[in-house]
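Have a look at the screen, and I'll walk through a few spots.

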Amino acid sequence: MESASPAMVMPTARQNPFDPPEELRRRQGLGPIHRMTYVDGGQGWLVTGFAAARAILADPRFSVRPDHMRSPVAQPARTPVPPGFSLRMDPPEHDHYRRLLTGDFTVRRMKLLEPEIEAIVNDQLNAMELAGGSADLFKAFALPIPSQVIGELLGVPYSDRQGFQRNAATLLNIDLTAEHRQEAVRELMAYLRDLLRHKRSRPEEDVLSGLAAHEGLTADERAGLALLLLIAGHETTTNMLALGAFALLANPAQLAEVRDKEEDAPAVVEELLRYLTIIHHVVRVALEDIELHGCLIKAGESITVALSAANRDADHFAAPDALDLTRSTAGHLAFGHGLHQCLGQRLARAEMRIALPALLRRFPALRLTVAPEEVPLRSAMSVYGVHELPVTW
């Protein structure tokens, strides 16, 4: 364990587009947990080891509530937690809201959705083909597919995509002020409240219609739950599709494996999730004094879990910096762990498993039109990825 250090701004810029920031890897080499002085001067902890990270995420003695939580980035830009936004709630409130949604993300429900995902992917690939021999893969492929899929599942009109995509990007930009981010929340909540009122009077077979009909929720609670699903449902998968395609284009031998062996798609998805880990970090607050790996974490201290580093821990994954589509990635932390593990992970997996092989089969000569180092990266976003991915075929 390192001793207390000067104030540390949590690094998000990646020197190699696919690897965790070098400072995190340096600290990881010194041990799994480190003293950290946050940018406001408060003392806390940084976790880079897989076992320590997994233990913290599964331990109910660590809270996700933002009260007294220190920010590991330079611009705290905190926004009030909307009612129903269970990602920032502890039990029993968290459990109450999550139970309302689990039936919409079952294995059976996701299986039934697969033909619709396949149709959306096929339509998008057709549009790319008709548009010519080159494209920005982010805008033409990675962004529209998850937006349409989550829109179909929730009942959010795809025609409204520009508004929710713009506000989602604002909300996730860690360089913006709290005022900018809160305005994005206000606009999204207002939009979703209106949409839910419409669903209440004219219900359809979708998730929001079910929420709208729930008598035990206020209008703001319904909108807060819808906000969580809408943001998480398209931002994360969008960036995994784009960054995953980028990683494969930069590794031609691995790309051929994905294109030619459709049966291996599930393992490919898991390794890409581990290797890329687009959620930089999560923060918890100790509710009581807790000893972990020889360190005494005191009640009220914040602890930042560097997910991208934990998923590259050599004590858990052999040759962790290699993209190895044949490895076992059991237990990776790309979707988190414990109570707050991503509710929509089955949907994200299905979209990646269907979309990436379909892209590579449709365009077998797909390649970047710029050098890899020229691809603009989303380093200032809380969900990592690329801003654009110019390709030709």
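So, Pro92 sits in the loop between β3 and α3 (93-101). The peptide bond joining Pro91 and Pro92 is cis, with omega at about 5 degrees. When I say helix or strand, I mean DSSP runs numbered from the N terminus, H or I of at least four residues for helices and E of at least two for strands.

Quick housekeeping: this is a predicted model, so local features need pLDDT of at least 70 and side-chain atom pairs count only at pLDDT 80 or more, while totals for chains, interfaces and linings use all residues. Residues are numbered from 1 along each chain as its sequence is written, and side-chain values use heavy atoms, with hydrogens and water left out.

His293 is not a glycine, yet its phi is positive, about 50 degrees.

Now the sheet. It's open, with five strands in the order β1-β2-β8-β5-β3 and mixed pairing; two strands pair if DSSP finds at least two bridges between them. β1 and β2 (residues 43-47) run antiparallel, joined by five bridges. In that pairing, Arg35 is opposite Trp45 in β2.

On to the helices. How do α10 and α14 cross? The axes of α10 (residues 219-249) and α14 (residues 345-362) come within 10 Å, at roughly 40 degrees. Those axes are lines fitted to C-alpha atoms over the stretch in contact, with angles from 0 to 180 degrees between N-to-C directions. That makes α10 oblique to α14 (under 35 degrees is roughly parallel, over 145 roughly antiparallel, 65 to 115 roughly perpendicular, and the rest oblique).

Who's touching whom there? From α10 we have Thr237, Met240, Leu241, Ala245 and Leu248, and they meet α14 residues including Glu351, Met352 and Leu359. Contact here is heavy atoms within 4.5 Å.
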